[in-house]
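Q: I am new to this structure. Can you show me how to read its features, one at a time?
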Amino acid sequence: MIKSLTTSREVLLFAAIAVLLGLIATRFPGFVAPSNLADVFNDTSPLILLAIGQMIVILTKCIDLSVAANLALTGMVVAMINVAMPGVPVAVILVIAVGLGTLLGMINGLLVWKLDIPPIVVTLGTMTIFRGIIFLLSDGKWVNSHEMSATFKAFPRAEFLGLPVLSWTAILAVIVFTIVMTRTTLGRAFYAVGGNAHAATYTGINVGKTQFWAFTISGALAGLTGYLWVSRYAVAYVDIASGFELDVVAACVIGGVSIAGGLGSIGGALLGALFLGVIKNALPVINISPFWQLAISGSAIIIAVAVNARANREKGRIILKSAEQAA
Amino acid sequence: MLMHSQSQVPTAPEANTPPILSLDGITKTFPGVKALSEVALNLYPGQVTALVGENGAGKSTVVKILTGIYQPDGGAIRVDGHATQFPTARAASDAGITAIHQETVLFDDLSVAENIFIGHAPRGRFGLIDWAAMERRSNEILKSIGATIDPAQKLRDLGIASKHLVAIARALSIDARVVIMDEPTAALSHKEIQELYELVEKLKAQGKAILFISHKFDEIFHIADRYTVFRDGQFIGEGMIDQVNEGQLVKMMVGRDVDHIFPKRESHIGDEVLKVVGYDHPTEFAEISFDLKRGEILGFYGLVGAGRSEFMQSLFGITRPSKGVVRIDGRVRVIRSPADAVANGIVYVPEDRGKQGAITALPIFQNVTLPSLGKTSKNGFLRLAEEFKLAREYTERLDLRAASLDTNVGNLSGGNQQKVVIAKWLATQPRVIILDEPTKGIDIGSKAAVHEFMAELAAQGLAVIMVSSEIPEILGMSDRAIIMREGRIVAELDGDDLTPETLVRHAAGISQGATT
């Protein structure tokens with residue numbers, strides 16, 4: 001039942017994106033050209049990567065507000081390493097980025113697990129701390145394009161079968177985490193903990209530890225995205241991706257991930273991110289002011305939450321015998 | 001029922017004043033359960049009426065009807081002889097009825113004065129709250145009940161007894177004429193109970209009618225002027241407290257028709273499976289020792305709050321005991337977490353299924369396999385075919401009817417959700433199964449099914465611990481019963497010793513001498 005419900009929700013969102021693209025196509029047919037859609041996807045890839053991690057965190061009834069700061073800190077660290085040691089190969093940079101991001105995610109997870117601090121408070125704190133550390137490391141200075149090595153910058157743009165590596169990373173993450181969420185015991189534990197933490201405890205699942213792993217995954221993806229972001233835009237400074245965590249949460253919410261935990265899918269997070277990505281890329285094309293872009297994104301969030309709230313509303317007890325048969 | 005009466009309630013001869021509040025022929029039905037069947041209750045000014053009855057007798061339902069939370073399906077509520085209705089909690093409160101609940105409903109982060117006047121704070125100019133008046137009147141009320149509490153204090157900083165006083169002050173602030181006290185002493189120390197008694201005397205002197213609900217007989221005989229007995233939602237009798245003794249009250253409480261046939265079973269009791277020695281917890285229970293054999297159903301009886309569930313949770317590894325040893329098949333086992341307990345063959349079907357049992361957002365098969373994922377997965381990867389096989393095997397054994405194992409548990413009826421939870425535990429192939437209030441809140445038909453199933457489990461050689469507050473269930477199902485009171489085992493009964501009277505006596509702490 002819940003499966004058909006989420007599927008139908010995803011179909012609905014997919015249809016909404018299709019309608020949106022259709023409307024845009026009536027005025028700017030060029031927008032729906034395959035090459036442009038590929039560009040939109042590539043542009044949305046960082047959002048997709050972070051939304052996957054965020055979706056897992058929200059699934060366990062937590063929230064990770066530190067993802068954008070994690071991205072910025074990891075990005076700055078790898079950029080500075082590249083400036084100091086231009087010879088370090090991209091593979092090592094990737095390991096460092098994922099490793100550092102994972103570590104930062106683990107800090108969030110440990111604070112939530114061991115100290116029992118509400119996740120919103122933990123990640124609000126670490127968000128500020130991470131940004132502060134960037135300032136301390138960089139002295140507030142920018143790392144600019146000309147300081148970075150060519151190979152460092154080339155990686156996310158390198159094309160493979162017609163798509164840039166950045167896009168491929170997002171596609172790979174969607175596949176890997178779909179498998180994790182639907183085919184592993186850890187994935188099942190995420191759903192169980194968010195769906196009913198008490199029941200999960202009684203079946204022998206360690207709730208805090210499961211949440212710790214959710215934050216760890218979120219951190220790892222943020223770290224990976226940190227390198228891709230800095231190298232793609234060829235700049236690193238204190239405020240990159242500032243406020244991006246809200247886009248990430250919004251993508252999850254639009255994608256049908258329940259803030260109350262236990263409900264959501266990788267597919268939903270992907271579609272939620274794409275929906276925001278299409279709006280963000282299309283509105284400037286059809287000459288709508290940035291103010292309206294924000295207002296439309298905001299409305300999309302509220303509409304999505306309202307639709308989901310209706311779908312998730314607790315059914316009353318079935319008292320009438322006739323109604324039971326009908327159900 | 002023997003004294004089943006509606007309108008011609010036998011009023012005691014001393015009652016020369018008419019009751020402030022009376023219930024007449026009140027009936028309340030929930031789906032599948034008749035919670036109250038034409039009950040009567042009379043509350044007189046300046047008198048304390050004790051409402052006595054077992055769990056499930058309908059006491060809480062009456063309180064909810066009196067306070068406007070439930071609407072009766074039939075019968076009349078009369079205030080000063082005039083028929084009335086309480087469609088909302090507000091209406092009951094406007095009629096001067098107030099309840100002080102088991103868990104006091106107050107706001108920890110507001111001041112004492114705010115708690116007393118929340119919802120009806122004195123207003124000054126522009127409709128704003130008149131803080132000075134509120135504090136002054138709080139002071140007056142608190143003084144009138146002899147409480148020395150500063151109205152400006154945060155409620156959080158008060159002890160439980162003082163919180164009760166605030167709740168009572170709140171009751172007085174709305175000019176209550178009827179005060180309902182639902183197990184007010186459950187969380188109080190001996191000294192605090194004495195203070196509560198004094199307060200009740202003060203309220204009596206002010207002409208308030210008091211409904212006093214308690215399981216403790218010493219309290220009832222100390223404080224009450226009258227009694228009313230309910231059993232299984234029926235009115236059994238009422239009268240002046242000085243005209244009965246404990247034995248008679250106990251008889252009225254438990255003497256029942258057999259309304260439910262328990263499965264006949266022949267116990268084949270085997271070797272010892274579980275032995276618990278000296279389980280202690282700093283605050284919840286002490287010196288719990290017992291043993292359990294294959295094929296045995298061991299009942300745990302006691303009043304609510306006797307520490308039974310707390311002990312079971314500790315045995316299951318949810319909380320840690322400070323001391324104690326568990327032996328399974330004679331070997332000492334350390335249980336630090338629910339995962340350890342499950343691995344050692346102990347499973348726990350908790351009381352609150354909604355909260356602790358099923359995960360309603362997940363499909364049936366995922367719920368069933370959740371504690372058995374070790375068996376149905378390989379290197380952390382799930383094998384869905386195995387999961388379906390396991391889920392199908394155990395749901396079929398329980399005769400669970402659902403369209404598909406993919407059905408979300410939230411869409412099942414309460415009885416079927418219960419089956420999913422039991423299937424989940426059976427799939428782990430346990431040695432010991434702990435059932436905490438297994439039939440609480442389910443209809444008679446499902447109850448019989450659960451009982452039959454329990455008998456079947458025991459017949460298959462499982463050792464069953466059944467925590468129950470229902471006397472017929474304990475009598476009908478257990479081979480042996482352990483009775484807990486205030487965190488300790490007070491008796492272990494079997495055979496002919498296992499009677500309703502002995503259960504109630506031990507659970508309520510009535511000495512053996514005080515019989516009829």
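Q: Leaving out residues up to four places away in sequence, which residues does A:A300 touch?
A: This is a predicted model. In it, A:A300 touches A:I254, A:F275 and A:I279, once residues up to four places away in sequence are set aside. Take A:I279: 21 residues separate it from A:A300 in sequence, and their C-alpha atoms are 9.9 Å apart.

Q: Where in chain A is A:A300 placed?
A: A helix repeats, so start there. An α-helix has 3.6 residues a turn, so residues three or four places apart point the same way. A:A300 sits in helix α13 of chain A, residues 290–312.

Q: Why is helix α11 of chain A described as largely enclosed?
A: Because 10 of its 11 residues, 244–254, are buried. Among them are A:F244, A:E245, A:D247 and A:I254. A:I254 is also one of the residues that A:A300 touches. After α11(A) comes A:G256, with a positive phi near 90 degrees.

Q: How many residues of chain A and chain B are in contact?
A: Count each side separately. Chain A brings 23 residues and chain B brings 30. On the chain A side, α1 (2–27), α8 (185–195) and α9 (197–202) each give two or more residues. α8(A) gives the most, with six. By type, the chain A side has 10 nonpolar, nine polar and four charged residues.

Methods. Residues numbered from 1 in each chain as written. Chains lettered and ligands numbered in written order. Predicted model: local features only at pLDDT ≥ 70, side-chain atom pairs only at ≥ 80, totals over all residues. Contact = placed C-beta atoms within 7 Å. Helix = DSSP H or I, 4+ residues; strand = E, 2+ residues; numbered from the N terminus. Nonpolar A, V, L, I, M, F, W, Y, C, P; charged D, E, K, R; others polar. Buried ≥ 20, exposed ≤ 12 C-beta atoms within 10 Å, placed from the backbone.
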